[in-house]
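Here is a short note on domains and salt bridges. Please read it beside the coordinates.

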Amino acid sequence: MMTPNSLRHVLAAVMCLAAFLPKTHAQAPLSDPRLTWWSQARFGMFIHFGLYAVPGGKWGDKTSHGEWIRDTARIPVAEYEKLLGQFNPTGFDAEQIVLAAKNAGMKYIVITSKHHDGFCLFDSKVTDWDVMSTPFKRDIMKEMADACHKHGIKICWYYSIMDWHHPDYLPRRPWEKDRTTEGADFDRYVAYMKAQLKELLTNYGEIGVLWFDGQWEHNWTDERGRDLYAYVRGLQPNIIINSRVGRAGGDFGLDRQSGMLGDYGTPEQTIPEFAIPDMPWETCMTMNGHWGYNAADKSFKTSEDLIRKLADIASKGGNFLLNVGPTGEGKIPPTSIERLKEMGEWMKVNGESIYGTVAGPMPLSWGCVTRADAGGGNTRLYLHVNEPPKAGVLVLPGLLNTPVSAGVLGGGAVPANKLTRRDDAVVIAAAGLKADSVVRLDIQGTPDVAIPPAIKADAPIFVGSTTVTITSDRKDVEVRATVDGTDPVATSPIASTLTLKETATVAARCFRAGKAVSPVAKETLTRVQPTPAVNVPGAVAGLKFTYAEGAFKTVAELMAAKPVSSGTAATFDYSGHKVLTDWGFVYSGYVKVPADGVYRFTLGSDDGGMMWVGGKVLIDNDKPHSYHERTGDVALAAGLHPIKVAFFENSGGFELKVKWSGAGLAKQEIPAAALFRDP
Ligand code: FHN
């Protein structure tokens with residue numbers, strides 16, 4: 001349980017975190033009119049439906065499979081194709097499904113037009129691996145699109161780039177040793193994808209979102225992603241495209257360091273800890289443990305949990321895409337229907353606290369806050385109360401605005417004398433609150449929350465001197481600071497930019513009319529001596545490398561493996577891997593830094609990686625993961641410094657990027673001209 005004081009530290013953390021996030025992403029800003037309906041909708045239905053619903057998760061004696069069943073049960077293509085004759089979801093009723101979504105309060109539906117197994121739920125003229133080759137013989141996408149257009153729900157397509165059926169798609173599944181790759185042509189596969197996307201974007205009316213997935217395997221590049229993004233927008237200029245059209249930004253597109261293609265980030269089965277400034281995003285999540293139908297999986301989240309997730313996501317400015325997996329008969333499972341109905345009942349009373357709102361101005365220990373415009377220069381805050389407070393009193397610490405009015409959604413107004421201020425908190429004595437009630441609170445002006453100033457510097461260490469900026473985006477406050485670590489007072493100097501030549505602890509605080517109106521933010525900047533360069537007589541251009549094969553799960557396992565080969569390379573080149581999965585490289589040599597200074601190295605890897613500078617670990621990006629970048633700062637003198645980089649690939653996509661910045665260098669991959677090795 002957070003106390004008001006710890007809450008302030010959270011606020012401070014939010015500001016500090018935001019201070020160090022470089023804005024290098026490339027997605028549509030929230031202000032892009034294409035995203036207006038989507039960001040106001042806040043809540044949508046995800047549908048995973050396809051051949052995999054027929055076995056319902058069971059294959060042989062295992063019952064834990066899902067939509068990945070062809071892979072997880074290692075079913076050969078010919079065997080899997082037998083499911084075609086069994087796919088006859090006669091219980092499928094698009095109207096029923098769309099109304100279930102609409103009555104739950106959902107505003108858009110994303111349905112799998114083609115998942116990784118390559119099976120198309122629409123009548124495609126470029127393949128027979130589609131619903132028209134089954135006993136069902138109905139275009140499911142057409143029926144869904146018609147029902148959505150009829151009921152004012154946006155219809156959106158999920159489309160998998162990865163395709164385990166098309167002969168031109170590579171790579172094969174790692175276990176498909178016997179399935180030839182002879183003649184496979186990935187460019188021809190991309191042409192097939194484009195032909196299908198043309199069908200999906202010209203035969204079914206206006207489509208809200210193209211939800212790409214399966215972008216992580218190595219044949220799919222950001223260049224192809226950018227091309228596909230442009231192609232789709234060319235067919236429907238107003239369509240929204242998610243981050244998974246490309247690999248930059250990691251699987252979910254939220255890794256700002258490596259940018260993002262597409263229009264919004266897609267965290268999956270997880271909710272970001274904090275609101276993400278100026279980045280549209282959507283959490284997608286299952287109701288139980290499977291996307292595709294699994295008859296044995298009864299582990300459904302409660303409606304209370306789902307409602308709180310919806311509120312938490314909206315309070316951070318995100319959308320919630322909640323999944324259902326229809327059965328082999330084409331019906332949404334009864335428990336999912338139950339959850340949708342209960343969420344719909346809550347939304348009928350409290351939907352205004354979700355639709356069209358934006359991220360709230362502050363975290364709360366007893367719930368969360370969404371925000372809207374109350375008109376007349378006032379702001380409306382929707383306070384989502386998870387559990388009613390014992391004394392029936394809600395306290396909002398650090399909210400400095402004058403409260404105007406309050407009321408319980410679906411209940412009565414809060415009497416004026418029950419809406420008061422105590423020190424730097426607004427206090428609401430709201431009677432009769434139930435779990436998951438929402439209190440509407442109107443306040444004067446825009447939110448004025450006791451958030452401390454942001455203290456920014458290039459890095460927490462410096463050589464010679466460093467510039468520190470201290471900012472606050474709050475209105476009519478004075479930012480005062482000290483450099484000896486003491487808490488600023490009303491007479492401390494007003495600060496905006498400081499130049500430090502020695503180690504110092506900068507403390508900053510907001511003041512208004514001589515009164516402190518924020519906690520104190522503190523950052524210590526340490527002056528360090530640069531590590532001396534090493535002398536390497538006769539150093540030659542390029543790095544040494546060793547190459548090893550094995551199902552490494554850590555860099556240590558890679559380092560312990562007997563190399564298969566070794567050699568030299570101009571840069572961190574891994575094109576020489578001899579197998580598709582389970583391999584790794586270790587590079588060693590020197591990096592030549594141009595001047596004394598603090599350098600920020602960035603190691604981006606899929607899967608695990610580590611970087612050493614001067615013989616010490618600088619970056620730990622270890623263990624299997626999708627592409628992700630981590631950084632490390634180090635003070636170096638001009639000249640050569642020993643470096644080592646280790647990197648391994650398990651399966652799926654793979655990538656290694658080693659970048660640097662600092663001492664006047666813009667962030668870039670370390671060029672070959674700066675890499676050397678022993679003669
Ligand atoms: O592999 C898919 C998975 O089957 C499912 O479709 C999820 C939904 O976002 N996406 C991929 C896993 O990230």
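1. Domain bounds here come from an automatic or database domain assignment. For this protein chain the assignment gives domain 1 (4–16 + 42–334), domain 2 (360–443), domain 3 (454–527) and domain 4 (540–677). The centres of domain 2 and domain 4 lie 51 Å apart, taken over C-alpha atoms.

2. Ground rules. The model is predicted: local features need pLDDT of at least 70, side-chain atom pairs count only at pLDDT 80 or more, and totals for chains, interfaces and linings use all residues. Residues are numbered from 1 along each chain as its sequence is written, and side-chain values use heavy atoms, with hydrogens and water left out.

3. A salt bridge is a side-chain nitrogen of Lys or Arg within 4 Å of a carboxyl oxygen of Asp or Glu. The whole structure holds 37 of them.

4. Arginine 34 pairs with aspartate 32 in a salt bridge, closest N and O atoms 3.0 Å apart. Arginine 34 is buried at 8% relative accessible area (buried: under 20%; exposed: over 50%; partly exposed: in between; 1.4 Å probe, protein chains only). Aspartate 32 is buried too, at 17%.

5. Arginine 244 and aspartate 213 form a salt bridge at 3.1 Å, N to O. Arginine 244 sits in the loop between strand E5 (240–241) and strand E6 (282–285), and aspartate 213 in strand E4 (residues 209–213), so the pair ties together parts 31 residues apart in sequence. Strands (E) are DSSP runs of at least two residues, numbered from the N terminus. Both partners are buried.

6. Glutamate 655 and lysine 657 form a salt bridge, closest N and O atoms 3.9 Å apart. Glutamate 655 is buried at 17% relative accessibility; lysine 657 is partly exposed at 23%.

Note on methods
Helix = DSSP H or I, 4+ residues; strand = E, 2+ residues; numbered from the N terminus.
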